Amino acid sequence: MASRSNNNAFLWGYRAYVLAFFIFLAAPLVAAGSFAFNDSVFPSLPWQGFTLDWFFNDTEPKLGMFHDRRLLSGLYYSFVIGIIVSALSVAVGTTNAFLFVRGTFPAKNALYILMILPLVIPGVILGISMLVLASTIANGMENRFDIEIDALRPGIILVVLGQFSFITTITSLVITARLKKFDTSMEEAALNLGATRPRVLRTITLPFLRPAMIAAAIVAFLVSFENFNTTLFLVGSESPLTITMYDRMAKVGSTPVLNAVSFVLMVGSGLLAILTIAVQRDRTKS
C-alpha cells in the first residue's frame with residue numbers, strides 16, 4: 001500500500017510538473033497573441049474589446065500590419081532571405097551527406113567535426129566574424145585595385161552568407177541521417193540492370209532522400225526567418241522582419257501591431273511545423 005501511494009504521489013507530481021512546464025512555455029505566447037486582438041493602443045490590460053484593426057485597419061493610430069509598409073517590407077525580405085538560404089542549405093547539405101556517408105578521404109572525422117562546429121558558436125560571434133572577414137576583403141580590393149564589391153558590404157547577400165554558414169550544418173545532419181538508412185543494394189541492382197549513375201541518383205536515391213530534404217528545407221526556412229543575432233551584424237538597408245520589429249520596439253516601444261505580427265508568425269510557424277511532422281511520418285513509412 002505504501003509503495004502504491006508513493007507511485008501515485010510520483011505520478012501526480014510528474015503530471016503537475018509537465019502541466020506547469022507547458023504553461024510556462026505557452027503563457028507568453030498566449031499573452032502576446034491575445035493582445036493582438038485588444039481594442040487598445042497599448043498591449044496591456046484591461047481588455048478594451050475585440051478588434052481586428054491591428055491586422056487590417058488602414059489609418060492611424062491603429063495602422064494594421066497588412067497596411068504597414070515597413071513591416072510588409074521586412075516580411076518580404078525575410079521570405080526572400082529564407083527561401084534563398086533554404087535552397088542553398090539543402091543543396092549543400094545533400095552534397096555533404098554524400099561526402100561524409102559515401103566518401104573516404106583523409107581527416108574525414110576532423111572535417112565532420114569542423115562542419116558541425118557552427119552549431120555551438122554563438123550567432124553574435126558568427127555575425128561579427130562574417131562582417132570582419134567580408135569588410136577586410138572588400139576594403140583590400142578597394143584599396144589595392146580600386147574595385148568596389150558591394151556584395152561584401154552589409155546587405156541581403158551578406159545576410160544570406162551569414163545564415164548559410166550555420167544553417168547548412170542543420171540540413172547536412174538531417175539529410176545525412178536519412179542517407180545512412182539507405183540500402184545501397186537497390187543502387188547496385190539498378191546499375192546491374194544497365195541504368196546509368198545519374199539515372200540511379202535521379203530515380204532511386206534522391207526520391208528516398210526527398211522527405212528528409214523537404215523537412216530540412218522547412219527547418220532551414222524557419223531558422224532563417226527568425227534569426228536575429230547573426231543577421232543584426234550583417235543587415236543593410238533591406239531589413240528583414242526580425243530587425244524591423246527590433247527597431248520598432250527600440251524607437252516606439254511595444255505596440256499591438258507587433259503582437260499582430262507575432263500572432264501571424266506563430267500561426268505560420270505552427271503550420272510549417274505540422275507540415276514537417278507530416279513529412280517525417282512519410283519518411284518513417286518509406
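Lys and Arg count as positive here and Asp and Glu as negative, while His and the chain ends are left out. On that basis the protein chain carries 21 positive and 16 negative side chains. The centres of the two sets lie 15 Å apart. The model is a predicted one.

**Overall build**

The protein chain has eleven helices and zero strands. Its pattern along the sequence is α-α-α-α-α-α-α-α-α-α-α. The C-alpha atoms fill a box of roughly 85 × 70 × 35 Å, taken along the principal axes. The radius of gyration is 24 Å. A compact globule of 286 residues would come out near 19 Å.

Of the 286 residues, 35% count as buried. The accessible surface is about 16,900 Å². Carbon and sulfur atoms supply 68% of that surface.

**Salt bridges**

The count of salt bridges comes to seven.

| Pair | Closest N to O distance |
|---|---|
| Arg 102 and Glu 187 | 3.3 Å |
| Arg 153 and Glu 142 | 3.1 Å |

Asp 68 has 8%, so Asp 68 is buried. Arg 248 has 15%, so Arg 248 is buried as well.

Next comes the salt bridge of Arg 102 with Glu 187. This pair also links distant parts of the chain: Arg 102 belongs to helix H3 and Glu 187 to helix H7 (residues 185-192), 85 residues apart. Arg 102 counts as partly exposed, because its relative accessibility is 35%. Glu 187, at 12%, counts as buried.

Arg 153 and Glu 142 form a further salt bridge. Arg 153 lies in the loop between helix H5 (123-145) and helix H6 (156-179), while Glu 142 lies in helix H5, so the pair ties together parts that are eleven residues apart in sequence. Arg 153 is partly exposed at 22% relative accessibility. Glu 142 is partly exposed too, with a relative accessible area of 33%.

**Arg 210 and Ser 237**

Arg 210 lies in helix H8 (residues 197-226). Its relative accessibility is 46%, so Arg 210 counts as partly exposed. How far apart are Arg 210 and Ser 237 in sequence and in space? They are 27 residues apart in sequence and 36 Å apart in space, C-alpha to C-alpha.

Definitions and conventions:
Residues are numbered from 1 along each chain as its sequence is written. This is a predicted model: local features need pLDDT of at least 70, side-chain atom pairs count only at pLDDT 80 or more; totals for chains, interfaces and linings use all residues. Side-chain values use heavy atoms; hydrogens and water are left out. A salt bridge is a side-chain nitrogen of Lys or Arg within 4 Å of a carboxyl oxygen of Asp or Glu. Buried means under 20% relative accessible area, exposed over 50%, partly exposed in between (1.4 Å probe, protein chains only). Helices (H or I, at least four residues) and strands (E, at least two) are DSSP runs, numbered from the N terminus. The radius of gyration is taken over C-alpha atoms; the globule rule is 2.2 Å times the number of residues to the power 0.38. Accessible areas come from the Shrake-Rupley method with a 1.4 Å probe; for residues, only the protein chains shown count as cover. The place of a charge is taken as NZ of Lys, CZ of Arg, CG of Asp or CD of Glu.
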